[in-house]
Amino acid sequence: MAYKDPENTILLETTKGNVVIELYPDLAPEHVNRIKELAREGAYDGVVFHRVIDGFMAQTGDVKFGKKGGASFNPTRAGMGGSDKPDLKAEFSNANHGRGACSMARAQNPNSANSQFFICFDDAGFLNRQYTVWGQVIEGMDNVDKIKRGEPVQDPDSIVSMRVAADVE
């Protein structure tokens with residue numbers, strides 16, 4: 001399939017089906033670079049959706065404790081880890097956290113985003129200008145809707161693979 005900007009398109013294969021995400025390098029250049037860097041390393045492959053709240057969002061991306069088969073995989077700690085890369089400085093914008101928005105998770109410190117991210121199921125405008133939006137689901141939102149809910153999720157769905165489209169085509 002041809003995408004308008006393969007270098008800024010993520011192909012996300014989940015246990016529920018495929019999802020295509022358009023990246024926003026103009027809005028959040030450092031966050032987009034991190035997502036692509038981790039995707040290219042295969043860091044997200046096997047990572048579970050550890051926190052999935054109906055009507056709100058599906059969170060994943062804990063490449064330390066949430067990676068099935070990983071050295072530090074621990075379902076009870078999934079959501080507490082990140083990558084070994086430094087945390088990112090916030091790149092907040094006026095982008096809306098609407099349905100399909102992809103945004104970085106973080107701790108209380110605004111500059112603590114690292115590898116975890118979430119995809120909004122519905123409008124979550126109350127998050128605007130507090131979390132960094134780095135992309136938008138352009139295909140496969142129906143598959144995101146199928147991800148198993150829970151806090152924490154029992155026997156969670158996961159990312160099978162996450163790739164930059166330019167590397168696949």
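Predicted model: local features only at pLDDT ≥ 70, side-chain atom pairs only at ≥ 80, totals over all residues.
Residues are numbered from 1 along each chain as its sequence is written, and side-chain values use heavy atoms, with hydrogens and water left out.

A search of the whole structure finds four aromatic pairs, where rings of Phe, Tyr and Trp (its six-membered ring) pair if their centres lie within 6.5 Å, with planes under 30 degrees apart counted as stacked, over 60 as edge-to-face and the rest as tilted. Select Tyr44 and Phe117: their ring centres are 5.5 Å apart and their planes stand at 85°, so the pair is edge-to-face. Tyr44 belongs to the loop between helix 1 (29-41) and strand 3 (51-53), while Phe117 is in strand 6 (residues 117-120), 73 residues apart; helices (H or I, at least four residues) and strands (E, at least two) are DSSP runs, numbered from the N terminus.

Trp134 lies in strand 7 (residues 133-139). Both Phe117 and Trp134 are buried, meaning under 20% relative accessible area, against over 50% for exposed and in between for partly exposed (1.4 Å probe, protein chains only).

Next, select Arg106 with Tyr131, where the charged end of Arg106 sits over the ring, 4.3 Å from its centre; this requires NZ of Lys or CZ of Arg within 6 Å of the ring centre and within 35 degrees of the ring normal. Finally, turn to Arg149, whose charged end sits over the ring of Phe121, 4.0 Å from its centre.
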